Every structure is written in structure tokens, then in C-alpha cells.
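I opened the notebook on this chain today.

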Amino acid sequence: FLVHFILGNQTSTSSQNSKSRSRPLTVGIRSSLVAAGIVFMGYRVMHRSGEWMTSPDLLESSLKACPRSAKSNLEISKIYSGLYPEKLDMELAKTYIEKAEEIDPEYCDIHWQWAQLLFRQQRYLEFEGRLTKAVTCPFTTGGAYPLFEQYWGMVTQDPNHGAAAVKRRAEYVTIIQAAVAEAKDDEERSLKK
């Protein structure tokens with residue numbers, strides 16, 4: 001196609017022979033257009049590839065393409081909550097995580113990010129609830145459960161508030177146990193089908 005476009009139709013008649021003198025000019029213009037198109041497309045590919053080389057650029061690009069993606073909003077919240085210290089902006093991180101939760105309230109990965117934000121803001125009672133939900137999420141339990149154990153191991157030892165913490169922990173353990181039992185029942189039902 002490109003060769004045909006650049007050189008034009010090669011079949012010529014005697015009436016077209018008089019036009020053959022202008023063929024080099026036409027070929028030159030067409031070649032220039034093709035070269036300009038290739039350069040333009042090359043620039044676009046390089047620019048787009050550059051956007052996808054770092055996580056912040058990738059996620060910002062993803063949000064431009066799909067602003068209602070809970071996953072993209074969650075991931076960019078992580079960037080602004082301290083994953084990249086130079087981009088730390090807790091209010092912006094909170095805005096993105098709120099949007100992610102608004103888009104998909106059932107997206108359980110959100111609880112882990114909320115737990116981390118709340119902990120950094122020293123909002124411990126809210127943190128405890130979100131951490132518990134993160135433990136029950138199959139995608140975040142690997143990071144959330146060790147933190148759950150570590151946190152409660154420290155908080156329940158507090159001489160002033162330890163007794164109240166023991167009560168709260170027991171309530172959260174009950175929630176986790178119920179979620180585990182429900183997941184087990186769901187799995188058994190799906191195996192019977």
C-alpha cells in the first residue's frame with residue numbers, strides 16, 4: 001500500500017507520459033507525507049511508552065482513560081499516602097480512596113488502604129474496623145493479618161486502656177471468624193454444584 005501510495009499507479013498510457021515529468025514531485029510529496037506520519041506515530045508511541053514507565057505516570061494515565069475505575073483510584077491513593085514520599089498528600093490520598101469506595105463499595109481491597117491511611121492519621125478506632133475488614137478480604141489478608149496480630153498484641157498490653165482493647169479485639173475476632181465460616185460455607189456449596 002505504501003509503495004503504491006508513494007509511487008502512484010505505474011500503468012501509463014501515451015497521454016499519461018506527458019504527466020510523468022511531474023511524477024518525481026508527486027513521489028516526493030507523498031514520501032514526505034509518509035515520513036511525517038511515521039515520525040508523528042513514533043513520537044506518540046514513545047510518549048505513551050514513557051507514561052507507562054513509572055507507577056505514578058501509569059496510574060494518572062489510567063485515570064484519564066477510565067476515571068470511574070475503583071482499582072485506579074485505589075492505586076493512586078497509595079501513591080499519595082506515602083508510597084512515593086515526594087508525592088505525600090494525605091488529603092488527596094483520602095479523596096481518591098473515597099472515590100474508589102463510592103465507585104465500588106464491595107471492592108474489599110479498599111479496606112486495607114483505608115486502614116493504612118487511618119493509622120497514619122492516628123484515628124485508631126476507625127483503623128481497627130477497617131483493619132478487621134482487610135483481614136477478611138482474600139486479597140489483603142496476607143498483609144492485614146500480621147498487622148492485626150501485631151497491633152492487638154501491643155494495644156492490649158496498655159496498662160490504662162488494655163482492658164477496653166481486649167473487649168474490642170474479641171468483637172473483631174468474632175467478625176473475622178464469622179467471615180471465615182461464611183467463606184468456607186460458600187466454598188463447600190460451590191464444590192457441590
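**Burial.** I call a residue buried under 20% relative accessible area, exposed over 50%, and partly exposed in between, with a 1.4 Å probe and protein chains only. The model is predicted, so I ask for pLDDT of at least 70 for local features and 80 or more for side-chain atom pairs, while totals for chains, interfaces and linings use all residues. I number residues from 1 along each chain as its sequence is written, and I use heavy atoms for side-chain values, with hydrogens and water left out.

**Whole chain.** I looked up the overall burial. Of the 193 residues, 28% count as buried. I then took the accessible area by the Shrake-Rupley method with a 1.4 Å probe, where for residues only the protein chains shown count as cover. The chain exposes about 13,100 Å², and carbon and sulfur atoms supply 60% of that area.

**Helices.** I took helices (H or I, at least four residues) and strands (E, at least two) as DSSP runs, numbered from the N terminus. The chain has 10 helices and zero strands. Read from the N terminus, the elements run α-α-α-α-α-α-α-α-α-α.

**Contacts.** For a contact I want heavy atoms within 4.5 Å. Among contacts in the chain with a separation of 6 or more, 43% come from residues 24 or more positions apart.

**Charged pairs.** Side chains of opposite charge can pair when their charged atoms come close. My rule for a salt bridge is a side-chain nitrogen of Lys or Arg within 4 Å of a carboxyl oxygen of Asp or Glu. The count by this rule is nine salt bridges.

I started with helix α5. Lys78 and Glu75 meet there in a salt bridge, at 3.1 Å from N to O. They are about one helical turn apart, because three residues separate their positions in helix α5. Is Glu75 buried or exposed? Glu75 counts as buried, at 18% relative accessibility. Lys78 is partly exposed at 27%.

Next I took the pair of Arg168 and Glu128. Their salt bridge is 2.7 Å, N to O. Arg168 lies in helix α10 (residues 162–192) and Glu128 in helix α8 (residues 124–136), so the pair ties together parts 40 residues apart in sequence. Glu128 is buried, with 1% relative accessibility. Arg168 is partly exposed at 23%.

Then I went along helix α10. Arg189 and Asp186 form a salt bridge at 2.2 Å, N to O. These two are three residues apart in helix α10, which means about one helical turn between them. Arg189 is partly exposed at 46%. Asp186 is partly exposed too, at 36%. I also noted a network: salt bridges with shared partners join Lys71, Glu75 and Lys78.

**Rings.** A pair of aromatic rings is described by the distance of the centres and the angle of the planes. I pair rings of Phe, Tyr and Trp (its six-membered ring) if their centres lie within 6.5 Å; planes under 30 degrees apart are stacked, over 60 edge-to-face, and the rest tilted. That rule gives eight aromatic pairs.

Tyr80 and Tyr96 are stacked, because their ring centres are 5.9 Å apart and their planes at 10°. This pair links distant parts of the chain, with Tyr80 in helix α5 (residues 70–83) and Tyr96 in helix α6 (residues 90–103), 16 residues apart. Tyr80 counts as buried at 12% relative accessibility.

How are the rings of Phe119 and Tyr124 arranged, and at what plane angle? Their centres are 5.4 Å apart and their planes at 65°, so I log the pair as edge-to-face. Phe119 is partly exposed at 39%. Tyr124 is partly exposed at 34%. Both belong to a cluster linked by ring pairs, together with Phe127, Tyr145, Phe148, Tyr151, Trp152 and Tyr172.

**Thr141.** I closed with this residue. Thr141 sits in helix α9 (residues 141–155) and is partly exposed at 30% relative accessibility. Setting aside neighbours within four places in sequence, I find Thr141 in contact with Ala134, Val135 and Pro146. I count N or O atoms within 3.5 Å as a polar contact; within protein, one must be able to donate a hydrogen and the other to accept it, and residues adjacent in sequence count only if both atoms are side-chain atoms. The Thr141 side chain reaches the backbone oxygen of Val135 at 2.9 Å.
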